[in-house]
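Me: I am new to this structure. Please take a close look at the strand pairing, and then set it in its surroundings.

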Amino acid sequence: MVDRLATKCGPLELANPVLAASGTFGYGDSFERFWPLETLGGFVTKTLFLAPRDGNPAPRIAETSAGMLNSIGLANVGWEAFVREKAPRVNALRGSARMLVNIAGNSPEEFGEIAARVEADREAVGCDAIEVNVSCPNVKEGGTNIGCHPGQFRDAVARVRAATTLPMFVKLSPNVADVVPFARAAAEEGAEGVSLINTLYGMQIDTELRRPVLGTGSGGLSGPAILPVGVHWVYKVRAALPELPIFGIGGISTWQAALQYLMAGADAVQVGTASFVDPNACREVLAGLDRWCAMRNTSIGEIVGAAHRVGERAEEPVWTG
Amino acid sequence: MSQDAVRTLPLVEVEDVAAGTYWLRFALPAGLDCEPGHFFMLSAPSAGGAATMGAPFLGRPLSIGDVAGGRLHFLVRALGRATAWFRSLPSGTPLRLVGPLGRPFALPERPVHRMVAGGIGLAPFFYLARRLRHRQPAARIELLYGERTADAHARLAGPERDLFDLVERCTDDGSLGQPGTVVGMLDGPFEDAGAAWYACGPQPMLRALAARLESMGVEGAQFSLEERMACGFGVCQACIVPRRDPPPAYRLLCMEGPVVDPREVAW
């Protein structure tokens, strides 16, 4: 019998297509109190730098009409503390759930440096893949976003590739005119796949105080508001690069949203901001996909990319009223 | 915390107790084990909130107001989108409650327990007083409670009033009780450092109180702080409080609070 939930994203065999997204799941041990980690197809750690980072001043979040802005500033414990204090415990809990470590640096060189450390510690950490977060500000380039700068982007990805043989997924920024060339560049530099999308730039003004709400001014928009943006880019990247594995991310708070991503061409999905509001979000998205597949007598493998295959489209219901 | 930390509970009642301030009451879930100072995240139960008309997207952290009469009570002030929305809900509306969360108040053995409340900072002290009353029946429990104006002062029903041996009120404009702030009330009969001190209120009040208690030589005061948070259990990293002794520069209020020692905060 075929397991209807089992799937693959590039070289990663997944027990199911639901992962927890970076920055919304801690280092893997934060949801232990709610449900077992082994429930998931996998999870992505909070972005790790070589050195610990405090992150940005408060306020760091602002609610929007269908989501939130954040300016956390990639606060993290640093690679060493992760290896020493977090990884052993998480490995004991995760069962078949895949662990992706999300890494970043303030320059392409720093991306290479942390990737080399991940490679050196890969046995101790027990990670299955790397996700490269290119959405952080490039300190060398005056704070512009590495993921929005074609040359810096390619350089950072190439340096990670040179440093490790772990499967590499590059998490792409939607804050560009066209995401497809970045996905293509990632593939050309040796990425096994891409994760899309990261947050969109946004700002909220406090009209009483006449200033931005967030301590940093602007932040990243996430939540249901960005669902159609993510589905759009997954569809476009899948159409342009049909062989490139994709993690679909952005605004998934229901199983229906996950299904949209899968049909648009994502091989698996990552649930992010929804887990803040409902700690059970990942589990409920997974349960909904399972019910839907059972009801339609289909599997995740069969529905991935379905929206691209015209011959598979369902007939319009016939109006018999 | 057990795996039933996420519950959907029907709202039993909303009861106004002052201009914009109200009790939000739920039936007490069986087996719920919570301490004074714990908080819950309250949100619309549909995934993402999108299917509930007018519901805010994110949950809101509310400290436990009281646990009594088979109910779980939250004292809330309508100050923004979510707190206004909660107040508008009819009885029976289901809400998602995640919790109990955070680090609660410690309950030291002392002859006097003194709670200093500014505005809606009154919220956690009913349950705190109830627990102290139960554990230390001979102790004296005092509430110093300040608001800007008389109409903002919460009415305390008999059983709530009786939790305290003393309730001293003040207003910024002098329209009720003593004129001035709660910190100003400390001049005179409330200067003994031997009491257990607890406080909750707006940042300027807590900053002033922290300085005052430090000058009085008070040790082990417990302040319940507030900060924006999306999750309440350590993953969103929004609820930072600057530390007096960095590094690290910040602590997360949801995990290392909301009850903190004021001497550990860079006010």
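Reply: Start with the term itself. Two strands count as paired if DSSP finds at least two bridges between them. Keep in mind that this is a predicted model.

Take chain A. Strand β6 of chain A covers residues 67-70, and strand β16 of chain A covers residues 218-222. These two strands pair in the antiparallel sense, over 3 bridges. That count meets the requirement of at least two. To find the pairing on the model, go to A:Met68. The bridge partner of A:Met68 is A:Ser222, in β16(A).

Now widen the view. The pair belongs to an open sheet of 4 strands in chain A, in the order β5-β6-β16-β13. The pairing in this sheet is antiparallel. Which strands stand at the edges? They are β5 (61-64) and β13 (200-203) of chain A, and each pairs on one side only. Neighbouring strands of the sheet are turned by 40° against each other on average, with direction ignored.

A cis peptide bond joins A:Ala58 to A:Pro59, with omega at about -10°.

Chain B has an open sheet too. Here 7 strands line up in the order β4-β3-β7-β1-β2-β6-β5, with antiparallel pairing. At the edges stand β4 (60-63) and β5 (66-68) of chain B. Each has a single partner strand, so one side of each is left without a neighbour in the sheet. The twist averages 40° from one strand to the next.

Strand β3 of chain B, residues 39-43, pairs with β4(B) in the antiparallel sense over 4 bridges. Within that pairing, B:Phe39 has B:Ser63 of β4(B) as its bridge partner.

Helix α2 of chain B, residues 125-135, lies across β2 (21-27), β5 and β6 (71-77) of chain B. The helix runs at about 55° to β5(B).

Next, see how the chains meet. In this interface, 32 residues of chain B are in contact with 41 residues of chain A. Together the chains bury about 2,800 Å², 62% of it on carbon and sulfur atoms. B:Phe57, B:Phe233 and B:Val235 supply 24% of the area that chain B buries against chain A, more than any other three residues.

On the side of chain B that touches chain A, strand β7 (residues 94-101) of chain B gives the largest share, 3 residues. By class, that side has 21 nonpolar, 6 polar and 5 charged residues.

Two backbone details remain. In chain B, the peptide bond from B:Gly257 to B:Pro258 is cis, with omega near 5°. B:Pro258 lies in the loop between α5 (253-256) and β16 (259-260) of chain B. In chain A, A:Asn297 has a positive phi of about 50°, although it is not a glycine. A:Asn297 is in the loop between α8 (281-296) and α9 (300-303) of chain A.

Notes: Residues numbered from 1 in each chain as written. Chains lettered and ligands numbered in written order. Predicted model: local features only at pLDDT ≥ 70, side-chain atom pairs only at ≥ 80, totals over all residues. Heavy atoms only, no water. Contact = heavy atoms within 4.5 Å. Buried area = accessible area lost by both parts, 1.4 Å probe. Nonpolar A, V, L, I, M, F, W, Y, C, P; charged D, E, K, R; others polar. Axes fitted to C-alpha atoms, helices over the stretch in contact; angles between N-to-C directions.
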